[in-house]
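The following note reviews selected features of one structure, point by point. Please read it beside the sequence and the coordinates.

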Amino acid sequence: MEISFYSFGACKEVTGSKHFIQADNNILQIDSGMFQGRRKQAYQKNKELKFSPAEVQAILLTHAHFDHSGALPIMLNNGFTGDIYSTSATRDIANIILMDSAYIQKKDHDYLKEKKSKYPERQLTIYEPLYTTRDVIKSMQNFVTVDYHKKFFPSPNIQAEFFDAGHILGSSMIYLTINNELNIGFSGDLGRRNLPIIKDPEIMPGMDYLVLEATYGDRLHQSIGMGQTELAEIINRAYKRKGKIIIPAFTIERTQELIYFIHLLSIKEKIPDIPIYIDSPMAVNATSVFTMHPECFDRQTF
């Protein structure tokens, strides 16, 4: 069996993860993210694919972040008809992210159209949405959800298994066994140990090759305990000044972690009882998905 590995994204650059394993004539794709950057460059990279989606047999999704899942409707619009394998939590989070992306693309298109009409001398380029909410709904029908540690066959002679990556809700590492002899691991994005709510990253079995993300491989993160202490100090200082605290946070995972930390500080009476407002419908929807997937929670959360 001839086996090859190649990437069309997130290789010598960040975002747009698209990795491929080809075993004879069977092609598996690991992740299908959107490239993020300046409008013109991003539009061209995401629209002009350098491979044929119709030739891809199945897609395995490590997690739902936009740079790993955002191009799924584009795949279907360009001929992909296979299954999209993920955990159930990843599917639910991906649905929220893809619907939000379709909405933003439509709003961006309408904004540019209005500006071009108002200022024709600028010769603005209007970029059509790469997909719509209808395309997202269609894409969700291709999902096949699989639990952690349950082996499945996305392609003949290729066995796959999800391991918890501890990154966001439902995130996974992918362990492939090809032709019962070659083992390849894909890390996806790895989380840190001792993060709140979700479980710690697991350890995969031994393997012949590991495809590892390295965006923050040279960073040392602050401990969770130190982060809580600093958060309490900031809240108490602002409260004494009768001020307000505005926290820009990632909609998925970071917002839920902040809410969780503030809740812990409150019940421990380390901060006063203060109102909390989440100014993001998407973050509220994502938080509701968390309540639907307690199987992803660590013991401390229970």
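Does Glu161 count as buried or exposed? At 9% relative accessibility, Glu161 counts as buried, where buried means under 20% relative accessible area, exposed over 50%, and partly exposed in between, with a 1.4 Å probe and protein chains only.

This is a predicted model, in which local features need pLDDT of at least 70 and side-chain atom pairs count only at pLDDT 80 or more, while totals for chains, interfaces and linings use all residues. Residues are numbered from 1 along each chain as its sequence is written, and side-chain values use heavy atoms, with hydrogens and water left out.

1. Glu161 and Lys151. These residues form a salt bridge, with the closest N and O atoms 3.5 Å apart. Glu161 belongs to strand β8 (residues 158-164) and Lys151 to the loop between β6 (143-145) and β7 (152-155), so the pair ties together parts that are 10 residues apart in sequence. A salt bridge here is a side-chain nitrogen of Lys or Arg within 4 Å of a carboxyl oxygen of Asp or Glu. Helices (H or I, at least four residues) and strands (E, at least two) are DSSP runs, numbered from the N terminus.

2. Other salt bridges. By this rule the count comes to eight. One of them joins Glu13 to Lys45, the closest N and O atoms being 2.7 Å apart. This pair links distant parts of the chain, with Glu13 in the loop between β1 (3-7) and β2 (19-23) and Lys45 in helix α1 (residues 39-47), 32 residues apart. Glu13 is partly exposed at 29% relative accessible area, and Lys45 is partly exposed at 35%.

3. A pair within one helix. Glu257 forms a salt bridge with Arg254, the closest N and O atoms lying 3.7 Å apart. Both are in helix α7 (residues 254-267), and because they are three residues apart, about one helical turn separates them. Glu257 is buried at 8% relative accessibility, whereas Arg254 is partly exposed at 43%.

4. A buried charge without a partner. Asp298, in the segment after α8 (281-292), is buried yet has no salt bridge; the nearest side chain of opposite charge, Arg299, is 8.9 Å away. In this assignment Lys and Arg count as positive and Asp and Glu as negative, while His and the chain ends are not counted. Apart from neighbours within four places in sequence, Asp298 is in contact (heavy atoms within 4.5 Å) with Leu195, Pro196, Ile197, Ile198 and Lys199.

5. Ser69. This residue lies in helix α2 (residues 66-69) and is buried, with a relative accessible area of 0%. Beyond neighbours within four places in sequence, the contacts of Ser69 include Ser32, Gly33, His63, Ala94 and Leu98.

6. Residues with positive phi. Most residues other than glycine have a negative phi. Phi of Asn157 is near 70 degrees, a positive value; Asn157 sits in the loop between β7 and β8 and is partly exposed at 44% relative accessible area. Phi of Glu253 is near 85 degrees, also positive. Glu253 is found in the loop between α6 (224-240) and α7 and is buried, with a relative accessible area of 4%.
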